[in-house]
Amino acid sequence: MKPSIKKRKKKHFLIKAFHHLWQIEQAIMIISENSAMDSKLSVLGKLDTEAFSDETTLLNEKKSLETHWKKTLRTTKHFGFFYNPEIGTIYIAGPLAPIFLHEVDGKKLGAMSSGPYGILRGLDFKEEEALKLLRTLHKGGYLIVVRAFDEELKYIENSLQDLDKSA
């Protein structure tokens, strides 16, 4: 008699890029309504620091962003900023924040020249796809990262198809 081996399901990542904030918020609403994914969502966005005339206004904007994303993602932690030389000031909200904000020799991983690219490659995204996602972020777009089982990811991807067309 051969012993049976149960194959464990693995979770994978889906990253979708959007050009508008309303698309990200709509995507979060769609995902939240159709699954129990709230705690497995992360959002990356670029903060246009040149749009702020002084440091106080910039700090207020950062606090406002943090409050907004913590409320939208229904989380009380996992939020931060880092400056990447190729992209600019990036914020991240959600469970992936600790990875991007992890410090190596006193510098945040996401702040390193190839940090965001390396993290996306580490999440098993192909080179071309990782570069395309980072270009969208550089142009002021947003990335939503979802971690789930394959069946859920397929369902989520299909649910978000219409948002791509409405850009």
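**Close-up views of a predicted model**

**View 1. The largest nonpolar core.** This core has 26 residues, and Ile24, Ile28, Trp69, Tyr91, Ile144 and Val146 make the most contacts inside it. A nonpolar core here is a set of buried Ala, Val, Leu, Ile, Met, Phe, Trp, Tyr and Cys residues joined through side-chain atoms within 4.5 Å; buried means under 20% relative accessible area, exposed over 50%, and partly exposed in between (1.4 Å probe, protein chains only). At least two core residues come from each of β1 (11-18), α1 (21-34), β2 (41-47), α2 (55-73), β3 (79-84), β4 (88-93), β7 (142-149) and α6 (150-159). The top contributor is α1, with five residues. Helices (H or I, at least four residues) and strands (E, at least two) are DSSP runs, numbered from the N terminus.

The model is predicted, so to speak of local features takes a pLDDT of at least 70 and side-chain atom pairs count only at pLDDT 80 or more, while totals for chains, interfaces and linings use all residues. Residues are numbered from 1 along each chain as its sequence is written, and side-chain values use heavy atoms, with hydrogens and water left out.

**View 2. Around Trp69.** Setting aside neighbours within four places in sequence, Trp69 is in contact (heavy atoms within 4.5 Å) with Leu21, Ile24, Ile28, Val43, Arg74, Phe79, Tyr91 and Ala93.

**View 3. The five-stranded sheet.** Here's an open sheet with antiparallel pairing and the order β1-β7-β2-β4-β3; strands pair if DSSP finds at least two bridges between them. β1 and β3 stand at the edges with a single partner strand each, so one side of each has no neighbour in the sheet. On average, neighbouring strands are turned by 20° against each other, direction ignored. Zoom in on β2 and β4, which run antiparallel and are joined by five bridges: Val43 has Ala93 in β4 as its bridge partner. α6 packs on the sheet, touching β1 and β7, and its direction makes about 145° with that of β7. Axes are lines fitted to C-alpha atoms, for helices over the stretch in contact, with angles from 0 to 180 degrees between N-to-C directions.

View 4. Searching the whole structure turns up one salt bridge, meaning a side-chain nitrogen of Lys or Arg within 4 Å of a carboxyl oxygen of Asp or Glu. Lys70 pairs with Glu66, with the closest N and O atoms 2.8 Å apart. Both sit in α2, four residues apart, about one turn of the helix. Lys70 counts as partly exposed at 23% relative accessibility, and so does Glu66 at 27%.
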